[in-house]
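Subject: Structure handover

Dear colleague,

I am passing on the structure we spoke about, and below it I have set out what was found. Please read the notes with the model open beside you.

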Amino acid sequence: MSQRYTFLVLGATGGTGKHFVAQALGDGHTVRALVRSPGKLPSPSPNLQVVQGSIADPIDTDALVQGVDYVVSMLGDKNLQRDNKICTTFVKKLVPSMRKHGVRRFLYQAGGLSRPYQGSLSPILWLLRYTLARGFDGQHQDNEAVMEYLATEAMDIDWIVHRAGIGSDGPSKGTLVRSSKDFSVATHRDCAEYSYRTIMENAAIHTSDFSCYSKV
Ligand SMILES: NC(=O)c1ccc[n+]([C@@H]2O[C@H](COP(=O)([O-])OP(=O)(O)OC[C@H]3O[C@@H](n4cnc5c(N)ncnc54)[C@H](OP(=O)(O)O)[C@@H]3O)[C@@H](O)[C@H]2O)c1
């Protein structure tokens, strides 16, 4: 890859984030990671900039986005999100800083069971959300508030929402493609690879699609 970019990665120590960081560094890009526990990151690399902090703390979002080409959020803390929209609060601080520093592209990873703004979920997805996945409802409500904010107050930003389905941290099961109706339960690795590819895809701007395994 000839072009080198700087990615601000939020959630870099998580199931999806760790694969995203490995792929971006492996391709020679620079990663700036905001993390609570730097010890969870891979071994130091000259292209890995570590900023220690929590999105729930007062963070200097201007410093965080300065010099960045792409911002990707794979944040989540289902216990905190049960009662607090930590991602929404943070995204509402982050976006004005992105505007100020001319950073336009933002990929936010939500869940397949998070309802897109003014959209709907199929009956089967609603059923899953309130049975097997009921422990994640606060996280979905937070994701939904982020989607509403992006759609109503941040259309000047080139945002993309990935409504991921994740079942395990196992090996790759194939290539995920963007879909407005088909949904796959994928691995963290495949979701990270999809988000890495999709953040650079102009056609994905202002979409809140699922990812599903390609059948070809
Ligand atoms: N996991 C699933 O089954 C699933 C399925 C579909 C969609 N999703 C969506 O994808 C997102 C990411 O999923 P994942 O499984 O990759 O998440 P994960 O493994 O739980 O990782 C979440 C990441 O967010 C970081 N984080 C949480 N609270 C933070 C805070 N206050 N400040 C800074 N960083 C914080 C965590 O840091 P620490 O390492 O410090 O905890 C971790 O790096 C979820 O939020 C959800 O919206 C998840």
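Which element supplies the largest share of the shell around the ligand? It is strand 5, with 3 residues, where strands (E, at least two residues) and helices (H or I, at least four) are DSSP runs numbered from the N terminus.

Two points on conventions come before the rest. Residues are numbered from 1 along each chain as its sequence is written. This is a predicted model, in which local features need pLDDT of at least 70 and side-chain atom pairs count only at pLDDT 80 or more, while totals for chains, interfaces and linings use all residues.

The ligand shell

Of the 29 residues around the ligand, Gly14, Gly15, Thr16, Gly76 and Gly111 come nearest; a residue is placed near a molecule if its C-beta atom, positioned from the backbone, lies within 6 Å of it. Strand 5 (105-111) and helix 6 (137-153) each give at least two residues to this shell. By class the shell holds 10 nonpolar, 16 polar and 3 charged residues, with Ala, Val, Leu, Ile, Met, Phe, Trp, Tyr, Cys and Pro counted as nonpolar, Asp, Glu, Lys and Arg as charged, and the others, Gly among them, as polar.

UniProt, in an unreviewed entry, lists residues 11-180 as "domain: NAD(P)-binding"; its positions follow the numbering used here, feature names are shortened, and annotations may be inferred rather than shown by experiment. That span is 35% helix and 21% strand, and its end C-alpha atoms lie 25 Å apart.

Helix 6 and its surroundings

Helix 6 has 17 residues and reaches 24 Å from its first C-alpha to its last, close to the 24 Å expected at 1.5 Å a residue, the expected span being 1.5 Å times one less than the number of residues. Its buried residues are Gln139, His140, Asp142, Asn143, Glu144, Val146, Met147 and Leu150; buried means that 20 or more other C-beta atoms lie within 10 Å of a residue's own, exposed means 12 or fewer, and partly exposed lies in between. Among the elements that cover these buried residues are helix 4 (86-100) and strand 10 (208-213).

Thr88, in helix 4, is in contact with Asp142, Ala145, Val146 and Tyr149 once its neighbours within four places in sequence are left aside, a contact being two C-beta atoms, placed from the backbone, within 7 Å. Thr88 is partly exposed because 19 other C-beta atoms lie within 10 Å.

Phe7 sits in strand 1 (residues 6-10) and counts as buried because 24 other C-beta atoms lie within 10 Å. Beyond four places in sequence, Phe7 touches Ala24, His29, Val31, Tyr70 and Val72.

Two backbone points to check

Most residues other than glycine have a negative phi. Gln118, in the loop between strand 5 and helix 5, has a positive phi near 60°, and is exposed, with 10 other C-beta atoms within 10 Å. His206, in the loop between helix 7 (188-198) and strand 10, has a positive phi of about 65° and is partly exposed, with 13 such atoms within 10 Å.

With best wishes
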